[in-house]
Amino acid sequence: MSNPAQRPLWQTYFLFLAPMVLSNFLQSMSGTVNSIYIGQMLGTQALAAVSGMFPIIFFFIALVIGLGAGAGVLIGQAWGAREAHMVKAISGATLLLGVLIGLAAAVLGSVFARPALQGLGTPADVLDDAVAYAHVMMWILPSMLVFVLFTQLLRGVSDTLSPLLALMVSTGVGLALTPALIRGWLGLPQMGIQSAAYAGLAGNLAAMGWLAWRLIRKGHPLAPDREFFAALRLDGAILGKVLRIGLPTGVQMIVLSLSELVILALVNQHGSQATAAYGAVTQIVNYVQFPALSIAITASILGAQAIGAGRLERLGPILRTGLWINVGLTGGLIVLGYLASHWLLGLFLTEDATRAMAEHLLHIMLWSLLVFGFQAIIGGIMRASGTVLVPVGVAILCVVGVQLPAAYWLDGQYGLQGVWMAFPLAYLGMLVLQTLYYRMVWQHQKIERLV
């Protein structure tokens with residue numbers, strides 16, 4: 001966690017980015033392997049039941065991601081200015097608010113799981129299984145949200161290695177337990193599609209315990225020591241700044257999750273086979289989209305640290321470096337996705353017709369994730385200075401005003417494949433508008449520290 005300004009920018013980028021990309025890979029791999037377990041060991045209908053929960057879980061995670069984004073900018077600026085006491089104060093206030101959000105999500109999510117899944121049009125043949133899975137997922141959600149939020153706070157002080165190592169613990173425990181719980185190995189109970197959820201909880205708790213031990217042993221600035229726990233209070237002044245940046249980001253994430261609910265409802269009208277295809281395509285897309293988002297997060301944190309250190313001249317190079325890395329990393333994953341799509345989808349879809357459907361849908365929109373990465377990086381640089389309202393407004397406008405109407409219309413014109421045609425349209429709109437605002441407005445504004 002040495003001063004990134006002392007290294008060449010490209011090296012700083014990769015040292016920060018590599019553990020985060022590996023973390024995202026592990027997260028995606030964990031979800032994919034669990035889907036393979038469920039699809040191969042329990043069948044396509046079980047996979048459809050689990051797939052229906054993706055947008056609902058994302059809805060709650062969106063709030064915490066927004067909170068972490070706001071805190072990450074403030075922590076990055078405080079860390080760039082070498083103000084360790086402010087880093088702890090921001091982290092403590094944000095983490096406590098995250099705990100309260102997690103508890104509220106558990107209660108509301110478990111109570112309204114069945115009505116929500118029915119409202120999404122979840123196929124009747126998988127509804128009961130989907131509700132049973134949802135109840136378990138909702139009650140393990142608080143620990144999941146705290147873990148996600150804390151890893152975001154660590155990144156604000158340029159620590160991406162600790163989250164990666166903790167995730168390795170979580171993934172290893174979870175992937176070992178899932179098939180054991182499905183089959184009832186070693187005397188464990190057979191838990192059906194709930195196996196992945198319970199295994200995930202065990203892995204998550206193990207990872208958090210290990211992470212606390214590591215941070216304390218290393219004297220980390222965010223170690224859960226007496227000073228850190230003293231900072232766990234709802235500081236109105238700090239949370240006001242966190243929410244000013246994070247709340248718009250959270251709203252953007254919620255709008256994106258709501259759009260996914262609308263997309264899923266459209267998909268569900270085509271039957272459980274289409275729902276399973278949706279889940280499979282989502283798994284592949286995550287492998288490409290999460291690294292693109294990691295580049296944007298890296299750009300935002302490095303930009304915030306540069307602002308905190310008074311090195312505004314580094315913002316332009318940080319942006320350009322991020323855009324070029326997006327070309328190489330995201331572009332390379334897209335090519336790989338096209339070349340290996342038949343084999344990848346076949347890992348967790350056993351029916352030929354469903355796999356063929358999923359492959360066709362993936363090919364329609366996969367290329368547009370490169371465009372998605374470009375606009376996310378531009379928005380990330382602007383977020384580093386606390387500028388969020390217009391970039392968020394652009395994203396919401398393109399989702400609500402372009403993607404959803406286009407999905408409905410194209411669904412009517414071309415059937416299921418039309419739904420996927422709407423994604424590239426939205427991403428292209430985001431890129432054009434984000435670029436225009438960056439060049440015509442943001443570059444001409446005065447940039448100052450927020451903390």
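**Figure legends: views of a predicted all-residue model**

**Figure 1. Confidence along the chain.** Helix α14 (residues 369–383) has the highest confidence in the chain, at a mean of 95, whereas helix α2 (residues 44–51) has the lowest, at 69. Where pLDDT is low, the predicted coordinates should not be read in detail. For the chain, the mean pLDDT is 86, and 96% of the residues reach 70 or more. The model is predicted, and local features need pLDDT of at least 70, side-chain atom pairs count only at pLDDT 80 or more, and totals for chains, interfaces and linings use all residues. Residues are numbered from 1 along each chain as its sequence is written, and side-chain values use heavy atoms, with hydrogens and water left out.

**Figure 2. Secondary structure and overall dimensions.** The chain holds 16 helices and zero strands; these are DSSP runs numbered from the N terminus (helices: H or I, at least four residues; strands: E, at least two). Its C-alpha trace spans about 60 × 50 × 35 Å along the principal axes.

**Figure 3. The loop at R82.** R82 lies between α3 (54–80) and α4 (84–111), in the loop that separates these helices. Although R82 is not a glycine, its phi is positive, at about 60°. Most residues other than glycine have a negative phi. R82 counts as partly exposed because its relative accessibility is 42%.

**Figure 4. The loop at L186.** The loop between α7 (161–183) and α8 (195–217) contains L186. L186 is a residue other than glycine, and its phi is positive, near 55°. With a relative accessibility of 82%, L186 counts as exposed.

**Figure 5. I216 and its surroundings.** I216 belongs to helix α8. Apart from neighbours within four places in sequence, I216 is in contact with A223 and P224, where contact means heavy atoms within 4.5 Å. I216 and M440 are 224 residues apart in sequence, and their C-alpha atoms are 46 Å apart in space. Across the chain, 84% of the contacts with a separation of 6 or more join residues 24 or more positions apart.

Terms used
Buried < 20%, exposed > 50% of the residue type's maximum accessible area, 1.4 Å probe, protein only. pLDDT = per-residue confidence, 0-100.
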